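Please read this briefing alongside the sequence and the three-dimensional model.

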Amino acid sequence: MRFVSGVTSALALVSGLVMAAPNLAPRAPTTEEIQSAKSVEDFRDLAMQALESQQADLQRRSEQGSCTLENARVRRDWEHMSKCERKGYIKAVQCLWDLPAVDTEFSAAQNYFDEFVAIHANVTDFVHGTANFFTWHRYLIALWEDTLRDQCGYKGALPYWNWYKYQSALHLSPVFDGSDTSFGSTGEYFPHNGKGGGCIKDGPFVGYTINIGPIRPAMNGYEPWMKDQRDYNPRCQRRDLVHAASERYTVDGLYDLLAGDHSHTVELMQNEFQAAGTLSQHGAGHYAMGGDGSDVFTSLNDPAFYLHHAMVDKLYWMWQALHPKEANTVAGTLTYMNIVPSRNGTVEDELDVGILGPHLKIKDTFNTLGGTPYCYIYE
Ligand SMILES: [Cu+2]
């Protein structure tokens, strides 16, 4: 009899659900829900909920393109990738040293890895503390991801460095643990105010020569070298893991950008995110890598740069999803902190990536589910 009554009540429950079926269309998260997020994982889930609701709207209006949440490439936390997947990514990065440079007339680049460093160095003053900071770097790392896939046989998506783990023990992070599936740990000791700072001594990039810069390294005792954009300076890559920097990644800081006082406009958000000369979220990653990764012009010499900037982009992506009215706007000028005064940037401005790809307009790069040129999300 218990069995029958169990079935009966289950049926009653099912019919109750059917009777009272609510509108099951995905809905955007409420302000209260966003403000109650407690972790980067919470924010990511809310961002996905927002995107599901936006996609459902497009579908209702028959405006959905070919890129959907179901078929988008998923950029993952380096730690969540298998060793085999990590090795696949590393092998593809190493392949860039074997690809010839393209811009041999005006650039110090000796191979295609250097080409990314060179273009970033050439436009540094016009892509930091500017209206295009997020969209320019988004485009650069997408071109990097595409190059690894198209030229070097990589099968996956660009990974990211999850800042909110291992902040006080970077050498235990799978990004920097020195294993053959990492980017190497801290470098040899180099006399300065840190513990490492010299050539990387472990991991798969030992022996890989970098050629461009340094131009403005933030590490004490590491002197600028490059004077002309055609000068090249073959040397080892240096790193100095700095916990005073990585410990600046706090959930409070994340909350401030995505749901708090600095979340309301792109201007507030970006000024806090990349505050000049401070250990803001963007700067903290660069200072945490120290060595070549801390040089605002040539930080791409540290291959971990791309995982750092994928995390920058992940935060921007979450902010856009959670602030749809602001998502497609820019603020700021065309020059670094407007120290050399320039006009305000607009969404019609082009993103100059040198020989790396076509110069897209900012307005065509806001949406990562736009089909062209992007189709990706973050886990
Ligand atoms: Cu940059």
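Helices (H or I, at least four residues) and strands (E, at least two) are DSSP runs, numbered from the N terminus. This is a predicted model, in which local features need pLDDT of at least 70 and side-chain atom pairs count only at pLDDT 80 or more, while totals for chains, interfaces and linings use all residues. Residues are numbered from 1 along each chain as its sequence is written.

- Helices α3 and α11 pack at an angle of about 50°, with their axes 8 Å apart; axes are lines fitted to C-alpha atoms, for helices over the stretch in contact, and angles run from 0 to 180 degrees between N-to-C directions.
- The pair α3 and α11 is therefore oblique, given that angles under 35 degrees count as roughly parallel, over 145 as roughly antiparallel, 65 to 115 as roughly perpendicular and the rest as oblique.
- α3 passes α11 in a left-handed crossing, a term used if the near helix is turned anticlockwise from the far one by less than a right angle, whereas clockwise gives a right-handed one.
- On the α3 side the residues are Phe 43, Arg 44, Leu 46, Ala 47, Ala 50 and Leu 51, and they meet Trp 317, Met 318, Ala 321 and Leu 322 in α11; two residues are in contact if their C-beta atoms, placed from the backbone, lie within 7 Å.
- The residues of this contact of α3 with α11 divide into 9 nonpolar, no polar and 1 charged, where Ala, Val, Leu, Ile, Met, Phe, Trp, Tyr, Cys and Pro count as nonpolar, Asp, Glu, Lys and Arg as charged, and the others, Gly among them, as polar.
- Helix α6 (residues 133-152) packs with α11 at an angle of about 130°, their axes being 10 Å apart, and the two are therefore oblique to each other.
- The contact is made by Phe 134, His 137, Arg 138, Ile 141 and Trp 144 of α6 together with Tyr 306, His 309, Ala 310, Val 312, Asp 313 and Tyr 316 of α11, and its residues divide into 7 nonpolar, 2 polar and 2 charged.

- Leaving aside its neighbours within four places in sequence, Leu 322 is in contact with Ile 34, Leu 46, Ala 47, Ala 50 and Leu 258.
- The buried residues of α8 (251-258) are Gly 253, Leu 254, Tyr 255, Leu 257 and Leu 258, a residue being buried if 20 or more other C-beta atoms lie within 10 Å of its own, exposed if 12 or fewer, and partly exposed in between, with C-beta atoms placed from the backbone.
- These buried residues of α8 pack against α3, α9, α10 and α11.

**Loop residue Ile 362**

- Ile 362, found in the loop between α11 and β4, is buried, with 23 other C-beta atoms within 10 Å.
- Ile 362 and Asn 132 are 230 residues apart in sequence and 7.3 Å apart in space, C-alpha to C-alpha.

**Backbone geometry**

- Most residues other than glycine have a negative phi, and most peptide bonds are trans.
- Ser 62, in the loop between α3 and β1, has a positive phi of about 55° although it is not a glycine.
- A cis peptide bond joins Gly 213 and Pro 214, with omega about -5°.
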